[in-house]
Amino acid sequence: MGESVNTLAFLVMALAAIGGAVGMLTSRNIMYAAFWLLWTMLSVGGLYLLLSAEFLALIQVMVYAGAVSVLMLFVIMLTLRRREDAVRSLDFSPSAALLAAVFLGIMYYGISNATFPEVALLAEAPNTADLGVVLFTMEGGWLLPFEISALVLLAAMVAAVWWTKGQDRR
Amino acid sequence: MTYIPAIPLLPALAFLALLPMSRAARNRAIWLPLGAIAVSLVLSVMAFAAVWPGGAEKAAEPVYHESIPIATVGEATIDLGLRLDPISSAMLIVITVVAMCVQVFSVGYMRKDPRVGWYYAVLSLFTAAMLALVLADNFLMLYIMWEIMGLCSYLLIGFWHEKEASRKAAIKAFLTTRVGDIGFAIGLFVMFVTVGSFEFDAVLGSAAEWAPGVATTVALLLLFGAMGKSAQVPLHVWLPDAMAGPTPASALIHAATMVAAGVYLVARSMPIFEASGVALQVVLAVGLITAIVGGLLALVQHDIKKVLAYSTISQLGYMFIGLGVGSVIAGMYHLITHAFFKSLLFLAAGVLIHAYHNQDMRKMGGAARALPITSAVFAVGSLALAGIFPFSGFWSKDEIILVLTKDGQYLAAAGALFAGFITAFYVARLWFRVFTRKPQAEGLHEAKIGKLAPMCVLAAITAGIGFFGPTLGYFLGHKIPWPDLVVAGVSSAVAMAGLAAGWWVYGRKGGEIDTGAVKARLGAIYSALVAKLYFDEMYERLAVRPFTRAASGLAVFDISRIDWLVDGAAKAWGAIARVSWRFDDRAVDGGVNGVAEAIWAFGKRARSIQSGRIQTYQQLALVAIVLLLVFVVVKG
Amino acid sequence: MNIGLEAFLGLSAVLFALGLYGALSKRSAVMVLMSLELMAVAVGLNLVAFSRFVTPEAMTGQAFAIFAMVVSAAEIGLALAIVIAIYRHARSVELSALERLKG
């Protein structure tokens with residue numbers, strides 16, 4: 001029972017994610033494209049749940065589906081004020097499509113030929129508390145990189161504010 | 001002797017202290033580097049005094065030698081350490097005295113600049129690097145300090161980065177010296193592979209046993225690095241442009257210390273050069289060419305700083321001549337005297353530039369009456385430059401010519417004398433243009449005591465140091481004899497002849513100078529000299545433009561996610577493209593036309609790849625990545 | 001049919017390739033950024049899948065996924081700020097307005 005639900009859930013969400021991505025690339029209106037991206041993000045969040053990464057699934061929803069999508073929508077609204085601006089051609093590029101297809105082909109070839117280490121799945125997957133131990137304690141080993149990543153975010157924030165405001169001050 | 005590390009460390013700490021400050025706080029804190037260099041000066045004098053008794057005997061057995069291991073490469077350990085021996089202690093004195101004078105002078109000169117604090121910080125770091133360079137006990141540390149100085153000179157040349165010329169000069173200096181540095185680095189690799197160590201003792205001690213081919217290779221590679229740093233032909237092009245920086249910085253960097261690093265490197269690695277033999281000949285040839293070319297180019301410059309810059313190039317050539325006959329002492333002696341009188345000249349030129357608000361000698365004149373003290377010290381400096389008794393240049397130039405004649409290199413000696421003649425000639429030209437005739441500007445005023453004092457100190461050293469030559473020579477471990485009367489007579493006569501010729505052309509008519517006749521008669525030569533013998537054009541055509549193209553080709557690989565969105569980058573590229581375009585527009589007809597045309601045609605075709613559409617670049621990059629992936633997946 | 005690591009890797013490769021196509025073909029800076037986000041998400045999925053199937057105990061992959069998210073969040077924030085700055089400058093977010101990198 002469990003296995004089949006798992007497979008079914010994966011198939012549904014994988015199709016949803018791919019469908020969202022295709023939808024994003026094929027919508028003429030940037031606004032719709034942004035919503036398709038949001039859809040893909042949510043599907044990937046669901047896949048994280050399947051991988052028993054609950055914390056990441058939540059983060060995925062909050063950061064990508066929440067913050068990033070909202071940011072995208074704001075930028076679209078700020079820069080493309082008229083409805084006509086948001087609607088645009090499909091920009092189909094055969095060379096890009098060919099390249100992406102070749103890339104996918106190589107990836108498929110690589111994945112199907114690669115051998116991955118066989119690790120027995122744990123009976124009970126580690127939960128969010130375990131992830132907290134990994135990230136926030138010295139024993140976990142990721143404390144310093146985690147703090148540094150906080151700095152990166154701060155720097156990015158300052159820079160973003162500077163870039164959006166900077167023009168007027170000069 | 002535990003205070004030795006403090007000598008380079010103090011200015012470095014001053015730099016670190018200034019670094020995080022706000023601009024305003026930094027501008028108020030300029031006493032910090034001043035204090036640091038003052039203490040370093042005192043410590044250097046103490047170090048010098050400690051080495052002094054016995055002097056030469058301590059060359060083999062340094063007074064102070066400490067090192068710490070920093071890495072292990074295979075079997076070999078790499079140490080960084082400091083050693084104090086006669087040559088380095090003499091250099092310490094030279095560097096700290098000149099740096100002190102320059103920093104004191106800058107208080108008055110740079111006071112009104114809004115970024116004076118940053119200027120002092122970089123100056124301090126530069127001094128620290130140079131001090132550490134002369135104290136280094138191994139080639140690796142020497143190389144590290146060498147590169148730090150390259151960075152500092154970049155920062156100082158481009159100090160007024162609002163100006164296009166400064167930015168370009170800074171980039172030019174950085175890239176040109178980098179060309180030499182590549183040689184230096186490869187030389188270090190070869191050295192390490194041969195000896196398994198960077199230590200002076202280990203490397204220089206075993207140099208005599210190396211295969212001659214290896215010794216020649218290493219020596220020539222090191223020489224190439226030294227040529228970049230010491231602005232030897234053909235890598236001299238950056239030094240004149242470097243005059244875009246603040247004048248006191250020029251005094252420190254482009255006259256007294258940084259350019260001296262190359263000479264110091266060759267002097268230090270002399271055993272390698274001697275083991276090679278051929279390399280010494282090359283040093284001599286490079287020095288001769290540089291001395292003469294630098295002098296000739298100085299003849300036609302109108303910018304007072306450029307005249308001094310070219311004279312620096314020429315004098316550095318002199319030092320290489322001295323080294324080229326295997327005489328460390330002759331080269332180092334001229335290095336020391338030159339450091340003092342050239343920084344003096346640059347500081348005095350700074351005063352003149354401030355007084356006239358101009359760097360063009362044609363717009364100066366009459367300075368002797370308006371700025372008597374500056375003129376007096378400038379006279380001391382320029383007479384030393386021309387090699388007139390009893391000023392310092394006379395002694396050290398004589399020493400070089402003496403070792404040349406002793407070695408039987410009469411042709412080289414003649415060349416050196418010719419360079420001396422040119423030197424005296426352009427000194428006279430400068431002198432009669434700037435100091436005599438009617439003043440071309442109003443409201444001239446003498447500098448204040450804060451600027452005059454350092455200049456007077458340097459002038460006193462310049463006037464007096466020659467009489468201590470033999471003592472200094474004993475200290476450094478080689479004999480500097482009192483000048484041979486014949487040699488001294490000949491060289492003095494040549495210098496006087498140069499001055500006289502200069503007077504005949506520029507001073508005879510009591511001021512109003514008509515050089516039209518001379519220019520007309522020497523048409524082709526004159527215009528070749530004005531065009532700086534086409535070195536820049538040649539590089540532009542043969543190196544810079546193809547390189548820019550190659551770089552654009554490589555930039556295709558840069559699929560960095562946001563880079564391409566940054567408008568600034570696009571602007572910079574636009575600027576470079578425009579510069580390159582403007583050059584094409586007025587492309588000079590030169591002897592290199594054929595080659596250049598071919599490169600141009602190639603570039604034209606290569607240009608079409610660079611459409612400006614970022615996604616074209618990305619696709620190209622992706623093609624490369626896909627190919628790589630195919631390789632990895634299929635092969636692996 | 002068994003859902004293993006390969007299935008997730010395949011899915012992530014598909015998403016990545018789609019994002020790649022978008023980044024290479026779209027002419028609007030905003031669309032390109034969205035495609036980049038798609039690629040970043042694909043990478044994150046990859047990492048989490050590896051974490052689940054290869055290092056379930058140490059959760060290295062999840063830690064990496066968090067860092068990747070941090071970087072891509074920082075990147076998207078900055079990139080959108082730059083898009084706005086460019087919009088002010090050029091009154092357009094079309095990449096064709098930025099074709100000044102030509103030789």
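**A walk through chains A and B**

In chain B, 81% of the contacts with a separation of 6 or more are between residues 24 or more positions apart. The model described here is a predicted one. For chain A, the corresponding share of contacts with a separation of 6 or more is 50%.

Chain A can be outlined briefly. Its secondary structure consists of seven helices and zero strands, so that, read from the N terminus on, the elements follow the order α-α-α-α-α-α-α. Chain A has 170 residues, and 28% of them are buried.

Chain B has 636 residues, of which 51% count as buried. Its elements are 29 helices and two strands.

Strand 1 of chain B covers residues 64-73 and strand 2 of chain B covers residues 76-84; the two run antiparallel and are joined by nine bridges. Within this pairing, B:Ser67 stands opposite B:Gly81, a residue of strand 2 of chain B. Together, strand 1 and strand 2 of chain B form a hairpin, with two residues between them. B:Gly74 lies in the turn and has a positive phi of about 60°.

Next come two helices of chain B that pack together. Two packed helices are described by the angle between their axes and the distance between the axes. Helix 3 of chain B spans residues 31-51 and helix 5 of chain B spans residues 116-135; their axes come within 10 Å and cross at roughly 20°. Because angles under 35 degrees count as roughly parallel, helix 3 of chain B is roughly parallel to helix 5 of chain B. The crossing of helix 3 of chain B past helix 5 of chain B is left-handed. On the side of helix 3 of chain B, the contact is made by B:Pro33, B:Ala36, B:Ile37 and B:Ser40. Helix 5 of chain B contributes B:Tyr120, B:Ala121, B:Leu123, B:Ser124, B:Thr127 and B:Leu131.

After helix 9 of chain B comes B:Ala231, which has a positive phi, near 55°.

Terms used. Residues are numbered from 1 along each chain as its sequence is written. Chains are lettered from A and ligands numbered from 1 in the order in which they are written. This is a predicted model: local features need pLDDT of at least 70, side-chain atom pairs count only at pLDDT 80 or more; totals for chains, interfaces and linings use all residues. Two strands pair if DSSP finds at least two bridges between them. Helices (H or I, at least four residues) and strands (E, at least two) are DSSP runs, numbered from the N terminus. A residue is buried if 20 or more other C-beta atoms lie within 10 Å of its own, exposed if 12 or fewer, and partly exposed in between; C-beta atoms are placed from the backbone. Two residues are in contact if their C-beta atoms, placed from the backbone, lie within 7 Å. Axes are lines fitted to C-alpha atoms, for helices over the stretch in contact, and angles run from 0 to 180 degrees between N-to-C directions. Angles under 35 degrees count as roughly parallel, over 145 as roughly antiparallel, 65 to 115 as roughly perpendicular and the rest as oblique. A crossing is left-handed if the near helix is turned anticlockwise from the far one by less than a right angle, and right-handed if clockwise.
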